[in-house]
Amino acid sequence: MREFRMVSVSGILGYGYPEASLDAAVARGIDMIGCDGGSSDPGPYYLGSGKPFVSLRAMRRDLRLMLRAAIRSKVPMVVGTAGGAGGAPHLQLVAQMVRDIAREEGLHFNLALIHAEQDKAKIASRIREGRTAPLGRMAPLDEATVQRATRIVGMCGPEPYMRALDQGAQVVIGGRSSDPAPFAANAMRAQLPPGPAWYAGKMLECGAAPALPKGPDCLHVIVREDGVICEPMGDRACTPMSVANHSLHENASPVRHVEPGGVLDTSDCRFEAVSPKATLVTGMRWTPAETYTVKLEAAEMLGHRAITICGTRDPVLIGQLDHFLDLVRGLVAGKARDLDIAPEDYRLTIHSYGANGVMAGREPVREVRGHEIGFLVDVIGRDADIAGAVIALARTSMLHSDFPGRLCKEGNMAFPFSPSDLAAGEVYRFSMSHVVMPDDPYEMFPIEHEVV
């Protein structure tokens, strides 16, 4: 039976992993080293700003170990969603790290970059052609949304990765990609069926997350014609329950996983322990889509953020918390008008940790049960000046507002920082969760080759 052996070093490039675990995977036998480089989970700021959400030092460390192992083992090394969000600046950041490490380590290889940032004019033309569709509860995509976007990326499938490898690349760094796609690409290129290949990708995209106990480790997966075997390389175990649990994550359906080009169906999967540390999964099926689609993600700038953090343990105030916060909001609105700041120029949000700071209006526990409350006061202003002005008004209102029964005639709040008002920079929102129907899986993802 044909087998293809892959190792994922961690859930995100820069999250870290034990060097000994990668060494153990290499000793076990590998045909590919990979890592998912990013996610939309940390929010739209990173896509919009072009910045990574992990430490550059940590990314460089992870890349160095991967590159040395891949070149020494003469196997491909693949990273998807480079730099955290997979836009053009993220891709170039990781590519330059790879070049620098190669020069420092004396490594030589063929490098391919897969670009995923999209041209606005091209997306607008697809809208006019009727070749876009919304996902979930999104409205249909319009050209105004395209023009407002700071950055648009397409979610690359496995085909461009396969092409880059076929064209001679040993190291492939991709822009925004479906998380399992770089791994699935390598297994399918080795002539393994798409069902096991995609399932292996679903396991590998999060590093050793399918193992127990949870922690940094490398995951070794053997892809076979009938299924996949998952095994962590450190002091952990992939059990049938832990692997089945992981197969449910980040998906609306527990058994149907929609990917570029088709659907992975896990409804008939069987999970069998084949050693104290490894689990075999069989029964997955792949159904090709009638129409190939690529997901679009975009970030649109909203304004600038400023915050302040404070807390109280005054039982009289806590006993009338809703009344107090309504009073603060009213005072801020009035003072903002005095500064010629209109209500539509800012948004004030007060998170009350210890009351409903996590779930806000969806919190089922309505009564306050603690002796103290922490507040995160958040202002998004049309520009940085407005955000700074309103957060100052909010801070003084939180500190000095009166309320019935108040005994303390000084400040109501304790502030942990000086300065108390903190500028948090630009604010973005995700403005696209749509699909586009390209002519083929490659047209939106040009490949650039170089010798390093």
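**Entry 1**

I began with a search of the whole structure, and it turned up three cavities of 30 Å³ or more. I kept in mind that this is a predicted model. Rolling a probe the size of a water molecule over the atoms shows where empty space is left.

I looked up the largest cavity and found a volume of about 50 Å³. Its lining is made of Ser39, Ser40, Gly43, Tyr46, Leu47, Gly84, Ala85, Arg176, Glu297 and Phe430. Sorted by class, I noted four nonpolar, four polar and two charged residues in that lining.

**Entry 2: the largest pocket**

Next I turned to the open spaces. The largest pocket has a volume of about 900 Å³. I counted 32 residues around this pocket, and those nearest its centre are Met155, Glu250, Asn251, Val258 and Lys295. Which elements give two or more residues to the lining? I found strand E10 (256-259), strand E15 (294-312) and strand E18 (421-436). E10 provides the largest share, four residues. By class, the lining holds nine nonpolar, 13 polar and ten charged residues.

**Entry 3: the second largest pocket**

I moved on to the second largest pocket, with a volume of about 500 Å³. Here 28 residues form the lining, and Gly11, Cys206, Ala209, Lys214 and His246 lie nearest the centre. Helix H10 (residues 240-246) gives the largest share of this lining, three residues. The classes here are eleven nonpolar, ten polar and seven charged residues.

**Entry 4: the sheet with E10**

E10 had come up at the largest pocket, and I wanted to see its neighbours. Three strands form an open sheet in the order E10-E11-E14, with antiparallel pairing. Which strands sit at the edges? They are E10 and strand E14 (285-288), each of which pairs on one side only. From one strand to the next, the twist averages 20 degrees.

I then checked one pairing in detail. Strand E11 (residues 262-265) and E14 are antiparallel and share four bridges.

**Entry 5: the partners of E15**

- Strand E6 (residues 149-154) runs antiparallel to E15, joined by five bridges. Ala149 has Glu300 as its bridge partner in E15.
- E18 pairs with E15 over 14 bridges, in the antiparallel sense. Arg305 is bridged to Gly425 in E18.
- Strand E17 (residues 373-381) is joined to E15 by nine bridges, and the two run antiparallel. For His304, the bridge partner in E17 is Gly381.

In a regular strand the side chains alternate between the two faces of the sheet.

**Entry 6: cysteines**

A disulfide is a covalent bond between the sulfur atoms of two cysteines. How many disulfides does the structure hold? I found zero. Cys156 is in no disulfide, and the nearest cysteine sulfur, that of Cys35, is 16 Å away. Cys156 counts as buried because its relative accessibility is 1%, and the cut-off for buried is under 20%.

Key. Residues numbered from 1 in each chain as written. Predicted model: local features only at pLDDT ≥ 70, side-chain atom pairs only at ≥ 80, totals over all residues. Heavy atoms only, no water. 1 Å grid on protein atoms, 1.4 Å probe; cavity = no way out; pocket = protein on both sides within 12 Å on 5 of 7 lines; lining within 4 Å. Points joined across faces, edges and corners; volume = space filled by probe spheres on them. Nonpolar A, V, L, I, M, F, W, Y, C, P; charged D, E, K, R; others polar. Disulfide = S-S within 2.5 Å. Buried < 20%, exposed > 50% of the residue type's maximum accessible area, 1.4 Å probe, protein only. Pairing = 2+ DSSP bridges. Axes fitted to C-alpha atoms, helices over the stretch in contact; angles between N-to-C directions.
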